[in-house]
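Please keep the sequence and the model in view while reading.

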Amino acid sequence: MTYLDDLNPAQRAAVLHTAGPLLVLAGAGSGKTRVITYKIAYLLDRCGAEASHILAVTFTNKAAEEMRQRVARLLGSESSTVLPWIGTFHSFCTRLLRRHIESLGQGYTSDFSIYDEEDQLRLIRACSRELGLDEQQLSPRAIQARISRAKSRGLTPADVREDPEWTSTPERALMLALFEQYEHRLRAANALDFDDLLVKAVALLRQEARLRARYRAQFRFILVDEYQDTNRLQFELLLLLAAREGSPGEADSERHVCVVGDPDQSIYRWRGADLQNVLEFERHFPNTRVITLDRNYRSTKTILAVANALIRHNTDRKEKVLWTENEDGPPVGYYPAETAEDEAEFVVERIRAHLVQDPQARIAVLYRTNAQSRLFEEACRRAGVPFRLVGGFSFYKRAEVRDILAYVRLALNPWDDESLRRILNVPPRGIGQKTLEALEHLARAAQLSLWDALQVAVIERRLPERTMESARTFLQLIGRLRACAREGTIADVFRMALYETGYVQALRERTLSSSDPLDAENRLLNLEELLSAAAEADERGERLREFVDRAMLVADTDEYDPTAPVTLMTMHSAKGLEFPIVFVVGLEDGLFPHARSSTDREELEEERRLFYVAITRAQRQLYLTHACARRRHGRLAPTTPSRFLKELPRDLLQDLSLTERAPIDRSAHNGFFDPSLAPATRLSRERGQTSSLHPQASARSPSRERGASSPFREGARVRHPLYGVGRILAREESGAQILLTIAFPGIGKRKFVEGLAPLEIIS
DNA sequence: TTAGTTCCCATTTTT
DNA sequence: TGGGAACTAA
Ligand SMILES: Nc1ncnc2c1ncn2[C@@H]1O[C@H](COP(=O)(O)OP(=O)(O)OP(=O)(O)O)[C@@H](O)[C@H]1O
């Protein structure tokens, strides 16, 4: 009974309740995730449940992995228990469809490709061009968002004809045509976009009664975390797998569905998350037991009071107040910086102070948009504070990685026109725009895939002689890659996609003679990493398709490393995480709440919930900062503090600009000051902040200090994973970065960015 | 016809 | 700040 003692009575009740539907509604940090985790352990440990009977759904892959580890820890090392399937809805659907999509009878094969947002945008552009639409008028992004929202509600182009969001638009005929074309092309490409993964899984289970019965019998325990942000289709899936069907022979009483969520933390309605899933849960699952948890274990009383005060400003909610036995803790730090650069300096200086005090501290900097990360990255780099950046530049979303993946995806699915289009002339092989257009024309006329069109064009000699040669070589290349995909290891396939395609060769040439050798350098490194990832997957015994699926489904947040001392990420990515120290930055109207979500009341309330999520990530110390002036479109413009700040209790906030010695090194900012800053300076003076608050504008020379603290001195020997051992020839500043020129024997000189490149000092 | 360059745009959040 | 489209040189 040991681990059950870690739970309070309400939590324990939730864990012990294992028959029938259960809805756990609870505030931030009240132990919802803990309930799910413990319940899995309890089911395996005490209820004799088989791992295969349990389906646990989390919001991200990373959360899934963490949960798996926690469950394993609870069960103890002595148990060699197989763990249940824990993952996101999307990965669950992927698995289901890889196995059964052919029964759906819509022409898909189990080799279907998964199209992520980038693929979708390319496809939409292609459709747009084909229909002769004006891109200015209908931005591909907007179309993609709208199509996705419709699909996540389970709507088809036919349904959408009646939908107000669509019929009210002036371009509705065009939009509709585009939607239809998009769907048509996806199907022809044997490809599913993210929404399709859910759409088709629902269709499959709805249509195939036997399959449904089989999975209903298997997954007798279904647990869903972050339930408040599930969409319509995910709810449908839940209904199909777990709602009472009334067919005899089914032991519904033994069936258990447990969903946990917090309506105040619903921050994904903009992409179709539907709170109706929570509100109507009890209607769809009769005899639901509802348990609420309101004791917070995460944050100090102060932080919690601030969070509670904020969220009360939402009208569209059920009142619920969290409490805690934790100590009061320090006041929430508030710092209005003059400029966004100053804000970053302040935050990083504070981080440094915290890390000196407690090297184990885990600190998060949370912002509204990914673009805001840059200043904090630079400030960290300048100060020598190591950090992890989550999101924005996911490894598997980098262009070079996507290019190589496109080769592999094309090898796996010959109908995958988007992948083919992507790499047909990458690296340049003389099959350019005109040839592609000719091929597309042929494909359309003969109802062929682009791949088949290419083959036909070669066989029937429909291309100019020069192009013929390249096209033939290309066809053979993909043919070999395909054979390799069938028989070789994952690493073999990627090696072939890297080298035989000439991709690496082209990049190597660019490291020698191009405008941006550093960029080419970094790309080569990323590809090297991709190859290692492939080799690791081989070692785990993974299949090529699993590896590629995982690459397509990785989310930004999946890169989060819980042991990193400093993490930079969006507030959205921070959902479900916790940190002793949290900085919420950029609290300015227009940024947060974002200008595009400030007018509509519902959208504004979602922004407020987002702030609530951000605040409640903090365990001990919370900082709120903003800048009084910030560069936008390159121009420095004054800003207004976020309206949300006014909603927080004054007495719990401490204005650090009044008491704090400003840790800002003025000398570093000379270049930034220009006349347009004047209003902002005045603004901050009115707050009692004067330039005398910056007495530290000492002669501290940042570059010298950096030089002294860095181990990367000229003459030092370093090891690089790709090039081996070399010697540092030069170390120079270039903007915010420091460039190292390193000579490798037998290879030559290479340039790297200090702190970015995987360099290791050899003493 | 292709490849490289310049210019110009818009710019939230993400499974 | 970067990606994409239009433009231009080979
Ligand atoms: N009964 C308990 N005793 C001690 N600590 C607890 C207890 N319940 C939860 N905690 C701790 O409180 C913190 C928050 O728990 P958890 O992440 O499960 O909450 P949550 O409700 O999922 O949070 P959020 O909704 O903010 O994601 C964790 O650090 C967890 O270990």
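Contact here means heavy atoms within 4.5 Å. By that criterion, and leaving aside residues up to four places away in sequence, serine 91 touches Asn61, Trp85 and Leu553. The model is predicted, so local features need pLDDT of at least 70 and side-chain atom pairs count only at pLDDT 80 or more, while totals for chains, interfaces and linings use all residues. Residues are numbered from 1 along each chain as its sequence is written, chains are lettered from A and ligands numbered from 1 in the order in which they are written, and side-chain values use heavy atoms, with hydrogens and water left out.

Serine 91 belongs to helix α4, residues 89-100. Helices (H or I, at least four residues) and strands (E, at least two) are DSSP runs numbered from the N terminus. Serine 91 counts as buried because its relative accessible area is 14%; buried means under 20%, exposed over 50%, and partly exposed in between, with a 1.4 Å probe and protein chains only.

**The surface near DNA strand B**

A residue is near a strand if one of its heavy atoms lies within 4 Å of it. DNA strand B is surrounded by 28 residues, and the closest are Arg368, Asn370, Thr435, Ala555 and His633. This surface comprises six nonpolar, 16 polar and six charged residues. In that division, Ala, Val, Leu, Ile, Met, Phe, Trp, Tyr, Cys and Pro count as nonpolar, Asp, Glu, Lys and Arg as charged, and the others, Gly among them, as polar. Helix α20 gives the most to the surface, with three residues.

| Side chain | Atom of DNA strand B | Distance |
|---|---|---|
| Histidine 90 | base oxygen | 3.2 Å |
| Asparagine 425 | phosphate oxygen | 2.9 Å |
| Serine 573 | phosphate oxygen | 3.1 Å |

**Backbone features in loops**

A cis peptide bond with omega of about 0° joins valine 426 to proline 427, and proline 427 sits in the loop between α19 (417-423) and α20 (433-446). Another cis bond runs from phenylalanine 592 to proline 593, with omega near 5°.

Asparagine 287, a residue other than glycine, has a positive phi near 65°. Asparagine 287 is exposed because its relative accessibility is 66%.

Technical notes. Polar contact = N/O pair within 3.5 Å; in protein donor to acceptor, adjacent residues only side chain to side chain.
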